[in-house]
Amino acid sequence: MDRKTTTGLLVLVLPLSLIGLVFGMLLFGSTSSAACGPSTSASVTIDLATVPDGPIAGFSGDQLINAAYIITAGHDLALSERDQTIGVMTAIGESSLLVLDYGDAAGPDSRGLFQQRDNGAWGSYADRMDPYISATNFFRVLATVENRDSLSPTQVAHRVQRNANPNHYAPYWDAAVQIVTALGTLEGTGARPVSAVSCDPLIPGTLSASGWSRPADGPITSPYGMRVDPVTGSFTLMHIGTDLNAGGCGGPIWAIQDGHVSRIWADSYGGWTVQVDHNGGVLSEYKHSYRSDILVRIGEPVTAGQQIARTGNSGWSTGCHLHFAVLIDGVNVSPELFMQSVGVEL
Amino acid sequence: MRRPLAMACATIVLIWASGCGSPAGPPPTSDSAPEQTAHPSWSLPPVEGLSPAPAGVEDDTQPGVTITPLAVPTWDAASRAAAVGRAAEIMTAFARPARPYEDWWADLAPLLSEQAQQDYSFVDPANIPVSALTGDPVLVDESSAFLARVEVPTDVGVYELLLSRTDATAPWVGESITPPAGVN
């Protein structure tokens, strides 16, 4: 594509961007995208007499009975399906859902489903070896974890357990979701929790012939370039990225090329930003998702077209959109021109 | 609050504009540039054709914040030595299960990123299984010059530390401290 085409595109897009902004302000509040995963409001009930033998997610027999006690203990404290699932995940990570009568190197005095230590915080030996009582004591502490629905499951479990590795429980979350989904029914509806099934799947981006992906769907709502300050009239403001409608709130955001997640941070106005290092001096940045809608971790390798976040409205923003920036050797360049040079029209 | 900041930025721009005639960017890559991290298979178009942002203007997604070029880090001997040294410091501070929490955290926290500070502040050192480094840390992944994966031999096996840095002038900080398989 030559420069003439680009100029024409920019001229056309500018008025559209103003319309887009106004509509964005009218249509979208500052709510986060639809929650994905177990319910944070409804509790799960269970009939201890009808627990299946399994296997479910590789667990069977006594392991599922123990999971049922954990789910019941959470229900009796009026905790949510998500909290109950965190309880099952924690016990998988501590004991594989078995009432262990032994500890480990760091805690030789640890006992039971949750490997609770003999430090006075978790009751008597009998309490720690009792599936229902040990789960109840776990959940009593969990209920004090502030803002826990905005923390990842392993972070919540870790804040109760205070173990050495905050990420320890993450690998057990999927199995816990499967178990709770298979064993219980959501209170009030009598229905199976369907969260695990209905969880919105990640959407891969489409790659260009040269192997690059758009960062998100268009249209462009505000192009890259200098701005006239609406108050002073001076040319001191610059839009250092390209705004895209990006599917609106919750829409998919894609890594434009292979790379590594090099930074995730909130800017000075609370705008969450993901930075991907593509090597060769090229960085891409994706701004305005809510923290909980960022789907990658720092250090993680990503591939071109991989969904890395959902579109949001965090920071200096008046409606859900993606602010997409490209840096070459540390300097912001026009994302529209850069993407065009690799065969992708924004 | 915003007005004085904006005016300050305008002043900076004026000074910049009178000092230079064209947008300021980093000098082009020369033969003396530090070695580059595993270069990708695609090639870059010339930056000059991509409308690079001039330094000194104000970021309209962060009113009051002036845009300055990012000092992009590269892998060189100093970076590697700093990463390995920082990994040893982090592991030494972490592997002290007998210390009271306050003392343990006071030494570890400054070595961690903001996110890792939130994550690790809830650790009870009494639950930490490792108590000694038993060898020199080894840098095992240089895929990105912003990230360093370092293996640290200890009395309970090899830990893997992920470190990050935000630019070429920032120190390495710890992101995660992952125990060997089977050790919690």
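I take a residue as buried when its relative accessible area is under 20%, as exposed when that area is over 50%, and as partly exposed in between. I note at the outset that the model is predicted.

**Entry 1. Residues with positive phi**

I looked up A:Ala246 and located it in the loop between β6 (242-244) and β7 (252-254) of chain A.

I then turned to A:Leu97, which is not a glycine either and has a positive phi of about 65°. I found A:Leu97 in the loop between α3 (81-95) and α4 (125-129) of chain A. With a relative accessible area of 0%, A:Leu97 is buried.

**Entry 2. Cis peptide bonds**

I next examined peptide bonds, most of which are trans in general. I found that the bond from A:Gly54 to A:Pro55 is cis, with omega near 5°. A:Pro55 belongs to the loop between β1 (44-45) and α2 of chain A. I recorded another cis bond between A:Gly218 and A:Pro219, where omega is about 0°. I placed A:Pro219 in the loop between α8 (195-198) and β3 (220-222) of chain A.

**Entry 3. A surface patch on chain A**

Which residues form a nonpolar patch on the surface? I listed A:Leu48, A:Tyr69, A:Tyr132 and A:Ile133, which together have about 290 Å² of accessible area. I traced A:Tyr69 to helix α2 of chain A, residues 62-76. A:Tyr69 has 31% relative accessibility and therefore counts as partly exposed.

**Entry 4. The sheet of chain B**

I followed an open sheet of 4 strands in chain B, with the order β2-β3-β4-β5 and antiparallel pairing. I identified β2 (138-141) and β5 (173-178) of chain B as the edge strands, each pairing on one side only. From one strand to the next, I noted a twist that averages 35°.

How many bridges pair strand β3 with strand β4 of chain B? I found 8 bridges between β3 (residues 147-154) and β4 (residues 157-164) of chain B, in the antiparallel sense. I noted B:Pro153 opposite B:Val158, the latter in β4(B).

Which helix packs on this sheet? I found helix α2 of chain B, residues 77-94, touching β2, β3, β4 and β5 of chain B. The direction of helix α2 makes about 120° with that of β4(B).

**Entry 5. A sheet with strands from both chains**

I looked up another open sheet, this one of 3 strands in the order β4(A)-β5(A)-β1(B), with mixed pairing. I recorded its edge strands as β4 (225-227) of chain A and β1 (58-59) of chain B, each of which pairs on one side only. I found β4(A) joined by 3 bridges to strand β5 of chain A, residues 237-239, and the two run antiparallel. I noted A:Leu237, in β5(A), as the bridge partner of A:Arg227.

**Entry 6. A loop residue of chain B**

I located B:Pro52 in the loop between α1 (2-19) and β1 of chain B. B:Pro52 has a relative accessible area of 23% and is therefore partly exposed. How far apart are B:Pro52 and B:Thr92 in sequence and in space? I recorded 40 residues in sequence and 44 Å in space for B:Pro52 and B:Thr92, C-alpha to C-alpha.

Methods:
Residues are numbered from 1 along each chain as its sequence is written. Chains are lettered from A and ligands numbered from 1 in the order in which they are written. This is a predicted model: local features need pLDDT of at least 70, side-chain atom pairs count only at pLDDT 80 or more; totals for chains, interfaces and linings use all residues. Side-chain values use heavy atoms; hydrogens and water are left out. Patches are made of residues with over 30% relative accessible area and no salt bridge: like charges are joined within 9 Å, nonpolar side chains (Val, Leu, Ile, Met, Phe, Trp, Tyr) within 5 Å. Accessible areas come from the Shrake-Rupley method with a 1.4 Å probe; for residues, only the protein chains shown count as cover. A salt bridge is a side-chain nitrogen of Lys or Arg within 4 Å of a carboxyl oxygen of Asp or Glu. Buried means under 20% relative accessible area, exposed over 50%, partly exposed in between (1.4 Å probe, protein chains only). Two strands pair if DSSP finds at least two bridges between them. Axes are lines fitted to C-alpha atoms, for helices over the stretch in contact, and angles run from 0 to 180 degrees between N-to-C directions. Contact means heavy atoms within 4.5 Å.
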